[in-house]
Amino acid sequence: SQKPIIYKVHRDNNHLSPVQNEQKSWNKTQKRSNKVYNSKKLVIIDTGSGVNITNDKTLLHNYEDSNRSTRFFGIGKNSSVSVKGYGYIKIKNGHNNTDNKCLLTYYVPEEESTIISCYDLAKKTKMVLSRKYTRLGNKIIKIKTKIVNGVIHVKMNELIERPSDDSKINA
């Protein structure tokens, strides 16, 4: 299955791009720790996307089924994907949970993971990727990134606040 596309920094013949350097570093770390890659615990930070999508309805606050037949094209697949509903993903703020920012996110069960738009994240939370893609953050919070096969990931529990049991979700 195909992964969502992110744009890599241009490289010349003598130097690897920052994404490729980080991928090598991640591979060494992964081998040392002998941990298995688990996409359910990671979120993709997509530098080429303008929308947020998830295959996990339990991440969404105020979830609503979609009344329309909405489809997205070019999200890591050769064909379109169907949107089943939408809600809001709350982004952690680093200090307390009173000022969390919410991102409109579409529920697409056929996708393989949660994909957060780097553009939308920066616009709503001021979180941006560091120059070498090693961190995602703003003045308040900094999150270490992982590069897997050229795709930028962060740990889900460091970025996203899950709805509590008393939140309104229709999961």
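**Close-up views of a predicted model**

**Figure 1. The nonpolar cores of the chain.** The largest nonpolar core comprises 24 residues, and I45 and L159 have the most contacts inside it. Two or more residues of this core come from each of the elements β1 (42-46), β4, β5, α2, β11 and α3 (156-159). A second, separate core has seven residues, among them I53, V81, V83 and I115. The model shown here and in the following figures is predicted.

**Figure 2. The chain as a whole, for orientation.** The chain contains three helices and 12 strands. Of its 171 residues, 41% count as buried. The accessible surface of the chain amounts to about 10,600 Å², and carbon and sulfur atoms account for 46% of this area. Among contacts with a separation of 6 or more, 63% are between residues 24 or more positions apart.

**Figure 3. Strand β4 and its pairing with β5 and β12.** Strand β4 (residues 81-91) runs antiparallel to strand β5 (residues 101-107), to which it is joined by seven bridges. Strand β12 (residues 160-161) is also antiparallel to β4, and two bridges join them.

**Figure 4. The open sheet β7-β8-β9.** Three strands form an open sheet in the order β7-β8-β9, with antiparallel pairing. Strands β7 and β9 (142-144) are its edges, each pairing on one side only. Two bridges link β7 to strand β8 (residues 135-137) in the antiparallel sense. V128 stands opposite G137 of β8. As a general point, strands of a sheet pair through backbone hydrogen bonds, either parallel or antiparallel.

Figure 5. At the start of α2, a side-chain oxygen of S117 comes to within 3.3 Å of the backbone nitrogen of Y119. Within the helix, C118, D120, L121 and T125 are buried. Why do they lie on the same side of α2? They cover an arc of only 160° around the axis, and this puts them on the same side of the helix. In general, an α-helix has 3.6 residues a turn, so residues three or four places apart point the same way. Just after α2, K126 adopts a positive phi of about 65°.

**Figure 6. Two residues with positive phi that are not glycines.** K126, with a positive phi of about 65°, is not a glycine. K126 is located in the loop between α2 (118-125) and β7 (128-129). Is K126 buried or exposed? K126 is exposed, because its relative accessible area is 61% and the cut-off for this class is over 50%. N149 likewise is not a glycine and has a positive phi of about 50°. The loop that holds N149 lies between β10 (146-148) and β11 (151-155). With a relative accessibility of 56%, N149 also counts as exposed.

Definitions and conventions
Residues are numbered from 1 along each chain as its sequence is written. This is a predicted model: local features need pLDDT of at least 70, side-chain atom pairs count only at pLDDT 80 or more; totals for chains, interfaces and linings use all residues. Side-chain values use heavy atoms; hydrogens and water are left out. Two strands pair if DSSP finds at least two bridges between them. Helices (H or I, at least four residues) and strands (E, at least two) are DSSP runs, numbered from the N terminus. Buried means under 20% relative accessible area, exposed over 50%, partly exposed in between (1.4 Å probe, protein chains only). Contact means heavy atoms within 4.5 Å. Accessible areas come from the Shrake-Rupley method with a 1.4 Å probe; for residues, only the protein chains shown count as cover. A nonpolar core is a set of buried Ala, Val, Leu, Ile, Met, Phe, Trp, Tyr and Cys residues joined through side-chain atoms within 4.5 Å. The arc is that of the directions from the helix axis to the C-beta atoms. A polar contact is a pair of N or O atoms within 3.5 Å; within protein, one must be able to donate a hydrogen and the other to accept it, and residues adjacent in sequence count only if both atoms are side-chain atoms.
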